[in-house]
Amino acid sequence: MNNNSKPARGFMRDRNFLWMLTGGITSMLGDQFTLIALPWLVLQMSHDTLTLGIVLALLGIPRALFMLIGGAVVDRYDPKSVMMITKYINTVLLAVLVVLLMTSSLSLWMIYLIALLLGLSTAFSIPAGTSMLPRVVAAEHLQAANGMMLGLRQITFFLGPLMAGGLIALLGDHAAGSQAGLATTLHAADMMDIADKKGLAMAFFVDCFSYGFSAWTLSHVNMLPIKADQQGSTSKQSLLSATMSGLRHCWNDTMMRTCFLYWSAIAFLIMGPMQIAMPLLAQQLGNNAGVLGLLAGAHGAGTLLGMAMSSIFPKLRLGSLGSTILLIDTLVALLFMPMGMIHVAWQGAVTLLAIGALGGYLHVAVFTWIQRQVPPAMLGRAMSIFMFIFMGISPVSAALTGWLMHSLSLSQLFAGSGALLIVIVIIALLMSPIRQMRDAGRTI
């Protein structure tokens, strides 16, 4: 059934959308548990930022290498089928991690392997997930559906870290953890005595369950067909040729090329270092998984607040959309620079709340702008390039940051990253057309 024939129903009464929404929110909430638990587990086992950087790189490098091909796979096959397969894979991987952790059989090389496989899986799930919505709701409902999906996603970014950090702290044994820290090395850990083992296992189990549940809900979603005049030639191309055609399309679009290059710099200078800096800041502020959950939750709450403000004031801009992006990134840099000198948890939470609100304000508009810049038959590849920037580049930057932290202090990391972001904004302002970026795009 084509939703275009019943526009009056609204997407909130569309069973297809409701099935997708239920599973998607459940899975996104579960992901927050792993995002808190995994770095905390690695730091407890190794007590080394470089090791944490390696794990994040193993998540990110295969994701970066295969995400563009993943976009071509999504465009050739049904994105729902690709998503279902990745959900089954992630369910199994997280179940194995829970069993290894609870039976005290886990070692760092096993975490490396699981991280690598999770990275490969997400290389296909991310472009599948980001290209599904235009095939589930009618075109006229796309921006509203995006706003709801992204808004609820940010609620999970707020609640998930708080729930995960609280769960790990509640079930953890910090006394055992202090003894385990004396006995661990980079190559092995005494899992019988590791702090927070039960809480960490439970956090991974929550994510494992969320993948299984969301696979079930996704099985009830029916995809809308692509119109004949929107069909691409992906099925007639090799995956490599299809990937290259997607890259050429985005590169030949001057504004999209400019924005993608700019966001790549943001991912490298801010998003990557934050993956290392946040667990270290949590250790500095209290050495407790609950503090890490508080910081991540504050950022998620701020992003949700920013998205709400974007819905209330959708046309509020300082000139164009591009000039507004540059202003917001300048403010984020100024807030980012002094964070290493924070010594009270509430100060870090308030700062991250503000940073999240600034970034969240433009999130819906930017996401929808990209979706409307490309034809549906190439949407998987275009969105894979966009997600590659943040999901692929950031972990590579995180690995480099982990190595640099052997020579830098936390305050130097925050100050340096913020200063470099200001330099990038100035270069974009003076030497690129990003100021002319407008909200309006081609309709799908």
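Which helix does Pro279 lie in? Pro279 belongs to helix 9, which covers residues 254–285. Keep that residue in mind, as we will come back to it below.

## The whole chain

Welcome to this structure, which is a predicted model. The protein chain has 444 residues, and 55% of them count as buried. Its secondary structure is made of 14 helices and zero strands. Read from the N terminus, the order of elements is therefore α-α-α-α-α-α-α-α-α-α-α-α-α-α.

His47 sits in the loop between helix 1 (15–46) and helix 2. The phi of His47 is positive, near 55°, and this residue is not a glycine. As background, most residues other than glycine have a negative phi. Next comes the start of helix 2, where a side-chain oxygen of Asp48 comes within 3.2 Å of the backbone nitrogen of Leu50.

Helix 2 itself takes in residues 49–76, which makes 28 residues. From its first C-alpha to its last it reaches 40 Å, close to the 40 Å expected at 1.5 Å a residue. Helix 2 also bends, by about 45°, at Met67. How many of the 28 residues of helix 2 are buried? The count is 20, so helix 2 is largely enclosed by the rest of the structure.

## Helix 3 and what follows

Helix 3 spans residues 79–102. With 24 residues at 1.5 Å each, helix 3 should span 34 Å, and its end C-alpha atoms are 35 Å apart, which agrees. Pro79 lies in this helix. Pro79 is buried, because its relative accessible area of 3% is under the 20% cut-off. The C-alpha atom of Pro79 is 8.8 Å from that of Met223, although 144 residues separate the two along the chain.

Thr91 is another residue of helix 3. Is Thr91 buried or exposed? Its relative accessible area is 19%, so Thr91 counts as buried, the limit being under 20%. A polar atom of the Thr91 side chain lies 3.3 Å from the backbone nitrogen of Gly212.

Ser104 has a positive phi near 60° and is a residue other than glycine. With a relative accessible area of 22%, Ser104 is partly exposed.

## Helix 4

Helix 4 has 25 residues. Its first and last C-alpha atoms are 35 Å apart, close to the 36 Å expected at 1.5 Å a residue. Where does helix 4 bend by about 30°? The bend is at Thr122.

Gly160 lies in helix 5 (residues 142–171) and is buried, with a relative accessible area of 0%.

Lys197 is found in helix 7, which runs over residues 197–218. Does a relative accessibility of 13% make Lys197 buried or exposed? Lys197 counts as buried. The C-alpha atoms of Lys197 and Gln44 are 9.8 Å apart in space, and the two residues are 153 residues apart in sequence.

Now back to Pro279 in helix 9. This proline is buried, with a relative accessible area of 3%. Pro279 and Trp40 are 239 residues apart in sequence, yet 7.2 Å apart in space from C-alpha to C-alpha.

Which residues make the nonpolar surface patch of about 600 Å²? They are Val423, Ile426, Ile427, Leu429, Leu430 and Met431.

Met431 is found in helix 14, which covers residues 410–431. Its relative accessibility is 70%, so Met431 counts as exposed.

Technical notes. Residues numbered from 1 in each chain as written. Predicted model: local features only at pLDDT ≥ 70, side-chain atom pairs only at ≥ 80, totals over all residues. Heavy atoms only, no water. Helix = DSSP H or I, 4+ residues; strand = E, 2+ residues; numbered from the N terminus. Expected span 1.5 Å × (residues − 1). Bend = angle between axes of the 7 residues up to and from the residue. Buried < 20%, exposed > 50% of the residue type's maximum accessible area, 1.4 Å probe, protein only. Polar contact = N/O pair within 3.5 Å; in protein donor to acceptor, adjacent residues only side chain to side chain. Patch = residues over 30% accessible without salt bridge, like charges linked within 9 Å, V, L, I, M, F, W, Y side chains within 5 Å. Areas by Shrake-Rupley, 256 points an atom, 1.4 Å probe, with all protein chains shown as cover. Salt bridge = Lys/Arg side-chain N within 4 Å of Asp/Glu carboxyl O.
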